[in-house]
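Please open the model in your viewer and keep the sequence panel beside it.

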Amino acid sequence: MYLVLTAMLALNVSADILNGFTMVNDSLLNSIETSNVRNGGLYDKMQYLYEQNPQKVGEWLEKTKEVKAKSDELYNMLQEYKVGIIKLADGKNADPKGNTIEKKDNLDVAGQYVELNRGVGRGKALKKAIDDYRIFVEAMYGNDPQKTEIYNKIFSTEDAVNTHGEKVDWINARFETMPAVAVITMLAKYQSDVKAAEAELINYFMAQTDAGDYRVNKIVARVIPVSKHVMQGGYYQAELALMAVDTTAMPKYYLGEDRELDTSFLRIPCGSIGTFPLKGRIELTGPDGIARSYPFEDEYTVGAPTATIANQDMNVVYKGYDNRMEISVPGVPSEKLKISAVGATMQKKDGVYICKPTKDGEITINVMAEIEGRSQTMGSSKFRVRPLPDPTAFLRIKDSNGNTIDFHPRLTPKHRLRRNELLEAEMVAEYADGMLKASFKINQFTLLISDGRGGYTTTLSDGSHFSASQKTALRKLKSGSMILFDKIKVTGAKTVQLDYPQIALP
């Protein structure tokens, strides 16, 4: 109606037309009053939402306050222009509220008030204020093309074209030689548009408070355990949770940076021992069409397969010997173990525990583990203490090919000992089966050679090697002669005197 009345002004300004503007103005004032009530309710609702969830709504409440301030600023400016024009037209009888005007047909006061004849006046200030508000509103929508097109039309300040086809700038087109009532109605329309834009923005902000929320159609219960393997005396711990899911919108699962998975269940082969990081992300598209990424990070530990196997009849440790013992508890790192013993000392070295009995009879080894911040007994074992068995004496020789051979008549009977091998041989003492690893030293041994009269001549070695006199005697003997080794004195892990079978000289 406002546009029709404006067009008719170019032909004739009658009382009926002027009264028509008054009707339009009254309608706009009613609309503004209704908008004030509605917008007040919207502000109250936004404040309520903020009180329920400050973190979620805080950003949008601040934007709402900014919109209110900007809208009030332009609205009040428009009201100020209405009151100013009415005062110029009606003088002392002017309506202080700027709602009604008596001299509706006054064609001069509007242009006079906006200072058409000045380079910079109220008209330019109003045009700039409307432009600034339009740009602000469009920015609040993120410069959405559809919204921009709408508000460019509602708050347009572009030049107009008169009846002669000539361009007229916005200020002159709206205020020059226009009836005062038409200008008042035009300013009221802008006020109504401001209130409408304000309401639309608040509703938009309310929608944004849950724009990133996901719609669900199924609630399921889940038990998320810390671990499914629990030590006796410990605690089974798990988080009980309700999970809201949308079976119609499936997320995408990524392991690492770009490896997309086919399912939400992870199944990772564990071929190496150690602690391994676990990183990835889950992507889900929200109802607003935006794909959001949710990263996750964890780690898992892979241990070696372990088993405790004990022969109860052979639980033996040797006194005076570094008994090497592997001790582990499945699921517990070695640094969390505390090992002690009654009747022995325990020392960790190179991943194993060295047990040294300090008494005869029996010892007890105790295992403690630190679990969930407290020490817990994991078990104990008893071991019988036995003296170290005697080692076996060998002649360590080198054959013609340079190979080292431990020669003993009973253990290596197939080897035919040669004279030159014997002369360069070394007497050693070790455990023949190799099960026990202990160090021994040959201090001395006695060589017995028959004197042909039923007696023996004896000579002493030079430590573990033949002495010069022994080598001289061996070179003089005929092949097939029998020789004996006696009083092989050994020190080291155990001090003992060993014997050696009789051998024939090659």
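**A helix pair**

Select α5 and α6, where α5 passes α6 in a right-handed crossing, a crossing being right-handed if the near helix is turned clockwise from the far one by less than a right angle, and left-handed if anticlockwise. The contact (heavy atoms within 4.5 Å) is made by Arg134, Val137 and Glu138 of α5 together with Thr148, Tyr151 and Asn152 of α6.

This is a predicted model, in which local features need pLDDT of at least 70 and side-chain atom pairs count only at pLDDT 80 or more, while totals for chains, interfaces and linings use all residues. Residues are numbered from 1 along each chain as its sequence is written, and side-chain values use heavy atoms, leaving out hydrogens and water.

**Two loops**

Next select Asn143, placed in the loop between α5 (122-140) and α6 (145-154); Asn143 has a positive phi of about 55° although it is not a glycine. Then go to Asp350, in the loop between β12 (344-349) and β13 (352-357), which also has a positive phi of about 55° without being a glycine. Asp350 counts as exposed because its relative accessibility is 73%, the cut-offs for relative accessible area being under 20% for buried, over 50% for exposed and partly exposed in between, with a 1.4 Å probe and protein chains only.

**The whole chain**

Finally, colour by secondary structure: the protein chain has 10 helices and 22 strands, which are DSSP runs numbered from the N terminus (helices H or I, at least four residues; strands E, at least two). Of its 506 residues, 35% are buried.
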